[in-house]
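Visitor: I am new to this structure and would like to know what stands behind the words used for it. Could we go through them one at a time?

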Amino acid sequence: MTQTMLPRWDVSGLYPGLDSPAFEADFETAMQAIEHLTARFDVLGIKERWVGLLSDADVATCEEAIVALGDLYERVRLLRAYIYSFVSTNSRDQLAQGRFSMLQQRLVPLDLLSVRFTAWIGGTDLKALVPRSTVAADHEYMLQRAQISATHLMTPAEEALAAELEPSAGGAWGHLQADMSSQLIVPFTFNGKTEELPMSVVRNIALEPDSARRRAAFEAELAAWRRAEVPIAAALNGIKGEVGVLARRRGWQSPLEQALFENAIDQTTLDAMLTAARESFPDFRRYFRAKARMLGHEQLAWPDLFAPIGQKSGREWSYEQACGFVMAQFGQFAPQMAALAGRVFDEGWVDAEPRAGKAGGAFCMSVRGAESRILMNYTDSIGSVMTLAHELGHAYHNMCLAVQPPLQRSSPMTLAETASIFCETIVRKAAMAVADEQERLVILEAALQNAGQVVVDITSRFLFEQTVFSGRQQRALSADELCAAMLQAQRETYGDGLADDTLHPYMWAVKSHYYSSSRSFYNYPYMFGLLFGLGLYAISIREPEGFVERYDALLASTGQADAATLAARVGIDIRTPDFWRASLDMIREDIAAFEAL
């Protein structure tokens with residue numbers, strides 16, 4: 001199957017184009033609505049911390065603000081998603097880049113409205129408010145978190161300045177990394193022939209069977225990152241410096257404390273999960289050594305992490321076959337899940353073709369209502385089939401959340417990975433059940449590749465980010481220092497599972513997750529999602545009666561309670577290592593099966 005046959009997503013049903021009158025009209029209407037609500041907040045007195053007795057007028061003010069903010073965020077979600085559908089698939093699209101920059105600038109007043117509401121609600125007596133307002137009762141958890149956030153606000157003038165600077169500060173640095181990585185052209189030489197390839201294509205060579213070609217691509221990749229290291233290091237320093245300063249000025253003990261709050265978990269939960277993860281590292285190293293033996297090496301090298309093993313399966317995982325298989329397995333779990341997948345494929349929600357200027361990796365973004373768009377860079381490997389199932393899980397989660405008011409749809413990253421891991425596990429287990437021995441080996445290896453990334457590599461990224469935040473408090477870190485910190489983190493996690501002289505010092509430049517000023521420590525939530533999703537899958541097998549209903553209810557409520565509360569509803573205690581160990585035991589079983597095969 002050639003890449004030209006892979007689909008590009010269809011966004012024509014959203015607007016005819018970025019320069020169309022319909023888009024322009026909705027854009028300006030949304031911006032005018034922000035101006036109108038700003039003036040309305042002035043009239044209502046939503047400026048600083050609310051003080052005084054709770055009157056009927058105060059109740060009405062709170063309800064009006066919640067509904068109006070929700071409506072605005074819903075409008076903006078569509079506009080942002082539509083613009084980003086062009087930016088993420090072609091970073092050279094100047095019209096889209098201009099629209100995206102304009103949107104960032106024009107949304108600063110909306111950020112300020114959110115800050116004003118948070119500060120105002122911080123002084124409200126929620127115990128008195130909630131019984132008197134259905135709207136407040138429906139948003140109780142959001143209001144509780146707003147009150148906590150209110151204690152971490154700077155002065156109104158400082159918050160306004162931070163919001164106005166964001167598009168030119170962290171937002172601009174993140175944009176720089178995204179543009180550079182998506183536009184990076186890599187000279188790749190193999191067998192005497194040199195090609196100019198996009199970075200996403202070069203990185204995909206890691207999935208090919210030819211060992212020499214993989215190693216050549218790895219060396220070409222490192223050389224390309226080395227040439228781009230100065231501006232990307234500046235971007236990382238800029239973002240981490242900004243985040244550190246703002247966290248301190250807002251009264252957080254550290255960026256990690258702020259990230260834990262934003263991800264709706266506590267330090268006890270994180271420590272319990274990381275403790276269980278570290279205990280599993282020797283098991284993952286057994287897997288790495290077993291894979292090395294299958295590839296004919298004593299020790300696994302970084303370019304071989306994603307190498308295919310064994311003979312190629314007789315099954316060709318074309319994109320069409322992947323779609324049919326995934327949809328069939330979803331149907332075995334729940335008809336509504338299969339129906340959602342069918343809609344995704346029929347209505348062209350997936351952009352699967354790797355190409356120059358397109359973002360690497362994969363993601364799913366909510367567009368409007370129950371509608372999403374999925375970006376991935378498809379290859380004919382079982383790994384891409386799992387990625388497709390994973391992103392469809394996000395789309396299913398978005399569909400379940402669509403029944404909630406807009407301000408209740410914001411799920412923390414820890415819980416946002418729940419449905420994606422669950423759906424991925426459904427497809428993997430089904431593929432294993434019908435596979436012959438060789439196919440089972442390939443599927444197991446793909447699952448262990450992913451688990452190794454999410455448990456071992458994610459821990460290395462977490463350790464790296466801790467080091468960067470610590471060092472950035474004193475000064476900017478050079479590219480050499482960032483590389484050294486990354487290598488040290490990889491040594492602490494991969495250990496002797498990987499050859500020390502083949503580690504990847506530039507993973508800090510590769511991973512876009514580091515380059516978000518609004519999301520620090522955008523790493524451990526993936527481990528949480530994997531292990532929490534595996535735990536849920538185990539429950540679905542052990543207690544199938546009524547599970548689909550409980551599962552859908554859980555997904556629909558991920559914006560209405562913290563992770564520990566929601567986990568307790570399905571009988572899970574996430575604050576002790578035992579739950580995490582049980583989920584990791586499922587991975588250990590896969591490692592043992594892999595070794596046996």
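Visitor: What makes A162 count as buried or exposed?

Guide: This is a predicted model, in which local features need pLDDT of at least 70 and side-chain atom pairs count only at pLDDT 80 or more, while totals for chains, interfaces and linings use all residues. Residues are numbered from 1 along each chain as its sequence is written, and side-chain values use heavy atoms, with hydrogens and water left out. Buried means under 20% relative accessible area, exposed over 50%, and partly exposed in between, with a 1.4 Å probe and protein chains only. A162 has a relative accessible area of 17%, so A162 is buried.

Visitor: Where is A162 found, and what is it in contact with?

Guide: A162 is found in helix 8, residues 156-165. Helices are DSSP runs (H or I, at least four residues), numbered from the N terminus. Contact means heavy atoms within 4.5 Å. Leaving aside neighbours within four places in sequence, A162 is in contact with M154, L246 and R250.

Visitor: Why are helix 9 and helix 12 called roughly antiparallel?

Guide: Axes are lines fitted to C-alpha atoms, for helices over the stretch in contact, and angles run from 0 to 180 degrees between N-to-C directions. Angles under 35 degrees count as roughly parallel, over 145 as roughly antiparallel, 65 to 115 as roughly perpendicular and the rest as oblique. Helix 9 (residues 170-183) and helix 12 (residues 229-249) pack at about 150°, with their axes 9 Å apart. Therefore helix 9 and helix 12 are roughly antiparallel to each other.

Visitor: Which residues in helix 9 and helix 12 meet?

Guide: From helix 9 they are G170, W173, G174, L176, Q177 and M180, and from helix 12 they are P231, I232, A234, A235, G238, I239 and E242. The residues of this contact of helix 9 with helix 12 divide into 8 nonpolar, 4 polar and 1 charged. Ala, Val, Leu, Ile, Met, Phe, Trp, Tyr, Cys and Pro count as nonpolar, Asp, Glu, Lys and Arg as charged, and the others, Gly among them, as polar.

Visitor: How do you know that the span of helix 12 agrees with its 21 residues?

Guide: The expected span of a helix is 1.5 Å times one less than its number of residues. Helix 12 should therefore span 30 Å, and its end C-alpha atoms are 30 Å apart, which agrees. Helix 12 is also mostly covered, with 15 of its 21 residues buried.

Visitor: Why are helix 1 and helix 4 called roughly parallel?

Guide: The axes of helix 1 (residues 21-44) and helix 4 cross at roughly 30° and come within 10 Å. Helix 1 and helix 4 are therefore roughly parallel to each other. The contact is made by I34, L37, T38, F41 and D42 of helix 1 and by P109, L110, L113, R116 and F117 of helix 4. The residues of the contact of helix 1 with helix 4 divide into 7 nonpolar, 1 polar and 2 charged.

Visitor: What is the phi of A264, and where is A264 found?

Guide: A264 has a positive phi of about 60° although A264 is not a glycine. Most residues other than glycine have a negative phi. A264 is found in the loop between helix 13 and helix 14. At 9% relative accessibility, A264 counts as buried.

Visitor: What makes F521 count as buried or exposed?

Guide: F521 has a relative accessible area of 3%, so F521 is buried. F521 lies in the loop between helix 22 and helix 23, and its phi is near 50°, a positive value in a residue other than glycine.

Terms used
Helices (H or I, at least four residues) and strands (E, at least two) are DSSP runs, numbered from the N terminus.
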